[in-house]
Amino acid sequence: MKKDIITIRNLKKEDIFQILNLARELEENPQPNLLQGKIVSTLFFEPSTRTRLSFISAAQKLGALVHGFDSKEGTSAKKGETLADTIKMAEAYSDLIVIRHFSEGAAKLASSISKKPVINAGDGANQHPTQTLLDLYTIQKEKGKLDNLKIAFVGDLKYGRTIHSLAQAMKLFGATMYFVSPESLKMPSYIIQELDDANIAYHITKSLTETIPKVDIVYMTRVQRERFPDIEEYNKIKDVYIINKEKVEGKCKPDMIIMHPLPRVKEISKDLDEAPYARYFQQAANGVPVRQALLALLLNKKGGN
């Protein structure tokens, strides 16, 4: 394992399986004293519910102490402190740093400054590697495998960092991908180029209805208002893709699953919450064992180098 988790690109298949196997081990056999005496800094310059709380829960379930902040408003960044100086302070006060930041590349910068391990909890519209790992854990649990699956990515493919990371990961497992979005939110060209270079099959379409019967997984995303420089453009497309019982029942594979990194707005109807396809709440819960595994590995308590 590498010292930091900044981008999913840095992980090989064997690294991913090491993390997922340890997550299952920790989920089935809790180890509440594994990280006793360790301190984790959670530096969240951008809003978060699931990621921040699951990191805190993961650390505490392993016996670590946690400190940090959930917005830049209560920090010295308001006084003009640079990110580099904030990282230096967090490095001095803790054994591992978890950072979420609105700027792409912020986590990479943090890792170049800190001698302590750094985990990227989301940097702008770039990467969200720990979300990808919990997505893979969910897929593995639900489908019994990761190889040769068909997955539809739906909605905000341009700004969706969870989409970018997961597409790069599924490339390792020979997935066939369906990119469902309006033209203005299509998958970035650099991701498409990576898939072309790896000879991965993919389809670009605007039709969710035509895609649903073909896939094993539908991965919905929220159209992110906070990423749009033009609010009028956001309003035009915010509700373009909505999935509900009517669209899936009798039309999808019987074991198809629906995932979502959350929060949702209107893109998944609540009439699906109790349907056999819904996995988005279980998906969020899976963040705890996966992040436990990462903390354990990076703090050299479970097979780290």
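Let's start in a loop: Asn-199 is found in the stretch between H7 and E7. The model you are looking at is predicted, and this briefing visits a few of its places one by one.

- The phi angle of Asn-199 is near 60 degrees, which is a positive value in a residue other than glycine.
- As background, most residues other than glycine have a negative phi.
- Is Asn-199 buried or exposed? Its relative accessible area is 70%, so Asn-199 is exposed.

**Strand E6 and its neighbours**

- Strand E6 covers residues 176-180, and 5 of its 5 residues are buried, so E6 is largely enclosed by the rest of the structure.
- Strand E5 (residues 150-154) runs parallel to E6, and 5 bridges join the two.
- To get from E5 to E6 the chain passes through helix H6 (residues 161-171), making a β-α-β crossover that is right-handed.
- E6 also pairs with E7, again in the parallel sense, over 4 bridges.
- Which residue of E7 is the bridge partner of Met-177? That partner is Tyr-202.
- Helix H7 (residues 189-197) carries the chain from E6 to E7, and this β-α-β crossover is right-handed.

**Aromatic rings**

- How many aromatic pairs does the structure hold? There are 6 of them.
- One of these pairs is formed by Phe-45 and Phe-69, whose rings sit edge-to-face, 5.1 Å centre to centre and with 85 degrees between the planes.
- Phe-45 lies in the loop between strand E1 (39-44) and helix H2 (50-61), while Phe-69 belongs to strand E2 (residues 65-69), so this pair ties together parts that are 24 residues apart in sequence.
- Phe-45 is buried, because its relative accessible area of 8% falls under the 20% cut-off.
- The rings of Phe-179 and Tyr-202 also pair: their centres are 6.1 Å apart and their planes meet at 35 degrees, so the pair is tilted.
- Phe-179 lies in E6 and Tyr-202 in strand E7 (residues 202-205), so their pair links parts that are 23 residues apart in sequence.

**Cavities**

- Rolling a probe the size of a water molecule over the atoms shows where empty space is left.
- The count comes to 2 cavities of 30 Å³ or more, and the largest cavity holds about 50 Å³ of space.
- Which residues line the largest cavity? They are Arg-50, Thr-51, Gln-131, Leu-134, His-260, Pro-261, Gln-283, Ala-284 and Arg-291.
- The elements that give two or more residues to this lining are H2, helix H5 (129-143) and helix H11 (280-285).
- Sorted by class, the lining has 3 nonpolar, 4 polar and 2 charged residues.

**Leu-262 and Pro-263**

- As background, most peptide bonds are trans.
- The peptide bond from Leu-262 to Pro-263 is cis, with omega near 5 degrees.
- Where is Pro-263 found? Its place is the loop between strand E9 (257-259) and H11, and Leu-262 lies in the loop between E9 and H11 too.
- Leu-262 has a positive phi of about 60 degrees although it is not a glycine.
- With 14% relative accessibility, Leu-262 counts as buried.

**A contact across the sequence**

- Ala-121 lies in strand E4 (residues 118-123) and is buried, with a relative accessible area of 0%.
- Ala-121 and Phe-55 are 66 residues apart in sequence, and their C-alpha atoms are 9.2 Å apart in space.

Note on methods: Residues numbered from 1 in each chain as written. Predicted model: local features only at pLDDT ≥ 70, side-chain atom pairs only at ≥ 80, totals over all residues. Heavy atoms only, no water. Phe/Tyr/Trp six-rings, centres within 6.5 Å; stacked < 30°, edge-to-face > 60°. Buried < 20%, exposed > 50% of the residue type's maximum accessible area, 1.4 Å probe, protein only. 1 Å grid on protein atoms, 1.4 Å probe; cavity = no way out; pocket = protein on both sides within 12 Å on 5 of 7 lines; lining within 4 Å. Points joined across faces, edges and corners; volume = space filled by probe spheres on them. Nonpolar A, V, L, I, M, F, W, Y, C, P; charged D, E, K, R; others polar. Pairing = 2+ DSSP bridges. Right-handed = clockwise from strand over helix to strand, strands pointing away.
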